[in-house]
Amino acid sequence: MYVCNGNGTFQPPQTYNYPGGFNGENGESIAIVDVSGDGRPDLLVADGAIGLLLNIDAPSTTSTVISNANPVPVNQTVTYTAAVKNQSGGAVTGKVMFQDGGAIIATVALAGTQAAYSTSYGGVLSYHPITATYLGDLNNAASISNTLTEWIGSSFRTHTTLSTSGSPSFVGQAVTFTAVVSPSVGTVQDGEIVTFYDGLTAIGTGTTANNVATFSTSALTVKTHFMNAVYPGDAVFAPSSGKVKQIVIKYPTTTTLSSSLNPSQFGQKVTFTVQVTGSGPPLTGHVRLLDGTFGIGSAALSGGVAKFTKSTLAVGTHPITAQYVGDAYSAKSTSPVVNQVVQ
């Protein structure tokens with residue numbers, strides 16, 4: 001008996017022992033009848049006695065097919081692997097038929113639950129719809145896989161986008177740049193190098209994983225950086241690049257000023273206390289004390305505090321301010337005015 005695959009082809013012949021007959025002889029006539037009433041055709045064989053072959057459903061199976069490279073360059077070998085699974089967990093035997101757009105390209109025996117077929121393609125920028133059909137056996141029903149679209153050629157277009165984990169960022173803060181390489185077809189191979197640039201200067205690399213490459217740095221200086229990620233391309237995909245602007249700023253600070261004696265008498269010592277707070281690393285640098293626009297002293301910060309003692313202020317009202325000049329990480333700031341009255 002030949003079982004149809006449903007696509008104009010037939011499975012290998014299957015032989016059944018005739019359960020009736022005289023002296024082991026074969027039947028002389030065959031009739032196809034639904035004897036059991038289950039909606040499936042059964043076989044009646046007669047040569048004087050009548051034998052019955054019941055049509056009993058075999059366990060269902062599922063088939064899948066994958067490629068080891070997609071897209072694949074012209075004339076490079078690609079391997080298709082079909083996997084067959086018995087839904088009841090039983091063993092499967094038999095063969096798998098590989099088809100390209102409905103045309104049979106190979107029939108391969110299962111080894112365990114898999115069958116593999118390798119080939120290569122000429123031409124450029126083409127595609128092939130690949131399917132794998134499990135032909136079934138005496139104990140398992142046939143099944144057909146998904147359709148795998150295999151792309152063949154070189155210089156498929158790509159588009160790279162670059163994003164930042166946050167802008168503006170503070171100086172010394174780690175920033176992660178993410179490059180997404182989107183090919184026009186298929187998937188970029190994992191492990192390909194993407195180079196990250198600060199302007200024209202290369203500052204690091206990342207490797208692709210599921211079309212994504214990342215790079216982190218905390219070495220960016222205070223300014224606006226024009227970042228660029230470059231995917232160099234390969235035998236299949238064309239190069240592309242993406243840009244993003246990264247603004248790096250200093251941590252903000254707040255400066256306050258207080259006077260120990262206000263009003264004061266002429267010639268009397270007055271102590272001005274400056275307090276500087278910030279949200280970044282410990283503050284360094286110094287503070288300037290101004291009387292209006294004229295500098296009247298400078299002192300280094302210690303624990304965020306600087307003090308000035310003055311006894312030479314003239315009689316009158318003095319608009320005193322304190323200005324923190326900043327450091328490598330923290331921005332400068334100026335206190336509100338303290339009107340120091342000297343009598």
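Which strand holds Tyr117? Tyr117 is found in strand 8, which covers residues 114-119. The model described here is predicted. The chain has 343 residues, of which 36% count as buried. It contains 27 strands and 0 helices. Among contacts between residues at least 6 apart in sequence, 57% join residues at least 24 apart.

- Tyr117 belongs to strand 8 (residues 114-119), and its C-alpha atom is separated by 8.6 Å from that of Thr107.
- Tyr117 and Thr107 are 10 residues apart along the chain.
- Leaving aside neighbours within four places in sequence, Tyr117 is in contact with Val78, Thr79 and Tyr80, with Phe98, and with Ile105, Ala106 and Val108.

- An open sheet is formed by 3 strands in the order 12-14-17, with antiparallel pairing.
- Strand 12 (158-164) and strand 17 (212-217) are at the edges; each has a single partner strand, so one side of each is left without a neighbour in the sheet.
- From one strand to the next, the twist averages 15°.
- Strand 14 (residues 175-183) pairs with strand 17 in the antiparallel sense, over 6 bridges.

- Strand 18 (residues 223-231) and strand 19 (residues 240-249) run antiparallel and are joined by 9 bridges.
- Phe226 stands opposite Lys245, a residue of strand 19.

**Strand 22 and its partners**

- Strand 22 comprises residues 286-291, and 6 bridges join it to strand 23 (residues 294-300), with the two running antiparallel.
- Val287 stands opposite Ala299 of strand 23.
- Strand 22 and strand 23 form a hairpin with 2 residues between the strands, and in this hairpin Gly292 takes a positive phi near 70°.
- Strand 22 also pairs with strand 25 (residues 316-324), in the antiparallel sense and over 5 bridges.
- Leu290 stands opposite Thr321 of strand 25.

**Asp291**

- Asp291 lies in strand 22.
- Asp291 is buried yet has no salt bridge.
- The nearest side chain of opposite charge to Asp291 is that of Lys310, 9.5 Å away; a salt bridge would need a side-chain nitrogen of Lys or Arg within 4 Å of a carboxyl oxygen.
- The side chain of Asp291 does make a polar contact of 2.8 Å with the side chain of His318.
- Not counting residues up to four places away in sequence, Asp291 touches Ile296, Leu313, His318, Pro319 and Ile320.

How values were computed:
Residues are numbered from 1 along each chain as its sequence is written. This is a predicted model: local features need pLDDT of at least 70, side-chain atom pairs count only at pLDDT 80 or more; totals for chains, interfaces and linings use all residues. Side-chain values use heavy atoms; hydrogens and water are left out. Helices (H or I, at least four residues) and strands (E, at least two) are DSSP runs, numbered from the N terminus. Buried means under 20% relative accessible area, exposed over 50%, partly exposed in between (1.4 Å probe, protein chains only). Lys and Arg count as positive and Asp and Glu as negative; His and the chain ends are not counted. A polar contact is a pair of N or O atoms within 3.5 Å; within protein, one must be able to donate a hydrogen and the other to accept it, and residues adjacent in sequence count only if both atoms are side-chain atoms. Contact means heavy atoms within 4.5 Å. Two strands pair if DSSP finds at least two bridges between them. Axes are lines fitted to C-alpha atoms, for helices over the stretch in contact, and angles run from 0 to 180 degrees between N-to-C directions.
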